[in-house]
Amino acid sequence: MSIGPIVNLSKMDDSKPEAIPSSDVVLTSLRSNRRLEREKGISELQKLIDKDVLQSDDLDNLKESMLEVLNNPLSTWEEKHGAIMATCLLVKRKNIDDVFVNAIKRLIPELLEHIESRIRIETGELIGLLCCHYGVKIYDELEECIVKGISDTIDRDITSADPDLMMKLGRGDNEEKEERPSSPTAAQIFHDTAGWKTLE
């Protein structure tokens, strides 16, 4: 009696294939008010791109959703943050087109002046990625709003700063005034550097 081939069950691959998130799940994560969820959304979006399973329609819907969030004045800063993070990934992976990029460039001046620093920082990252992809012409097109942002915030009314902080700075100035009469005061240094938030 013949015996068939012996199968080594210990070597059988019983691992399940990795679950691929849907684009809807990714969008929900990106719009979360929790940073960990937004980062999870970016990780899931990266999987979709890496495995080349993101359909053209899904990609278009994703970009439209990002623009909708960034254009909507009622969007929370967390939603905008997730949208910019996703846009950075799309630019990095070259999943973009000129229409989308032009729409993003029109939004950048407003995003650079956003009250939330994380929005400004992420927007700076986006500008850098666009420059890597398209060259220095991106900076040339945005130079006016970048320089204006610096010039508008470099001179600040220090009377609006924290009174306790200014009192401490002023007390230190008085103690050193006789020793270094020509040196800038601590309050002046604080004032002169506060406006550089635009360069974050």
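A crossing is left-handed if the near helix is turned anticlockwise from the far one by less than a right angle, and right-handed if clockwise. Keep that in mind for the helix pairs. One caution before we start: this is a predicted model.

Let's take α3 with α5. Helix α5 covers residues 98–112. The crossing of this pair is left-handed. The two helices pack at an angle of about 20°, and their axes lie 11 Å apart. Angles under 35 degrees count as roughly parallel, so α3 is roughly parallel to α5.

Which residues of α3 meet α5? They are K63, L67, L70 and N71. Across from them, α5 brings F100, A103, I104, L107 and L111. By class, this contact has seven nonpolar residues, one polar and one charged.

Next, α3 with α4. Helix α3 spans residues 56–71, and helix α4 spans residues 77–92. Here the angle is about 140°, with the axes 9 Å apart. Roughly antiparallel would need an angle over 145 degrees. The pair is therefore oblique. The crossing of α3 and α4 is left-handed.

On the α3 side, the contact uses L59, L62, K63, M66, V69 and L70. On the α4 side, we have E79, K80, A83, I84, A86, T87 and L90. The classes split into nine nonpolar, one polar and three charged residues. Note K63 and L70 of α3: they take part in the contact with α4, and they also take part in the contact with α5.

Helix α1 runs over residues 23–30. The angle is about 20°, and the axes are 11 Å apart. That makes α1 roughly parallel to α3. Left-handed or right-handed? The crossing of α1 and α3 is right-handed.

From α1, the contact takes S23, L27 and L30. From α3, it takes D58, L62, S65 and M66. Four of these residues are nonpolar, two are polar and one is charged.

Now the second largest pocket. How much space lies in it? About 160 Å³. The lining consists of I42, Q46, M85, C88, L89, K92, R93, E122, E125 and L129.

Where does that lining come from? Helices α2 (35–50), α4 and α6 (117–134) each supply at least two residues. Helix α4 gives the most, with four residues. By class, the lining has five nonpolar, one polar and four charged residues.

Key
Residues are numbered from 1 along each chain as its sequence is written. This is a predicted model: local features need pLDDT of at least 70, side-chain atom pairs count only at pLDDT 80 or more; totals for chains, interfaces and linings use all residues. Side-chain values use heavy atoms; hydrogens and water are left out. Axes are lines fitted to C-alpha atoms, for helices over the stretch in contact, and angles run from 0 to 180 degrees between N-to-C directions. Angles under 35 degrees count as roughly parallel, over 145 as roughly antiparallel, 65 to 115 as roughly perpendicular and the rest as oblique. Contact means heavy atoms within 4.5 Å. Ala, Val, Leu, Ile, Met, Phe, Trp, Tyr, Cys and Pro count as nonpolar, Asp, Glu, Lys and Arg as charged, and the others, Gly among them, as polar. On a 1 Å grid over the protein atoms alone, a cavity is a set of points where a 1.4 Å probe fits but cannot get out, and a pocket is an open set with protein on both sides within 12 Å along at least five of seven lines; lining residues have an atom within 4 Å of a point. Grid points are joined across faces, edges and corners, and a volume is the space filled by probe spheres set on the points.
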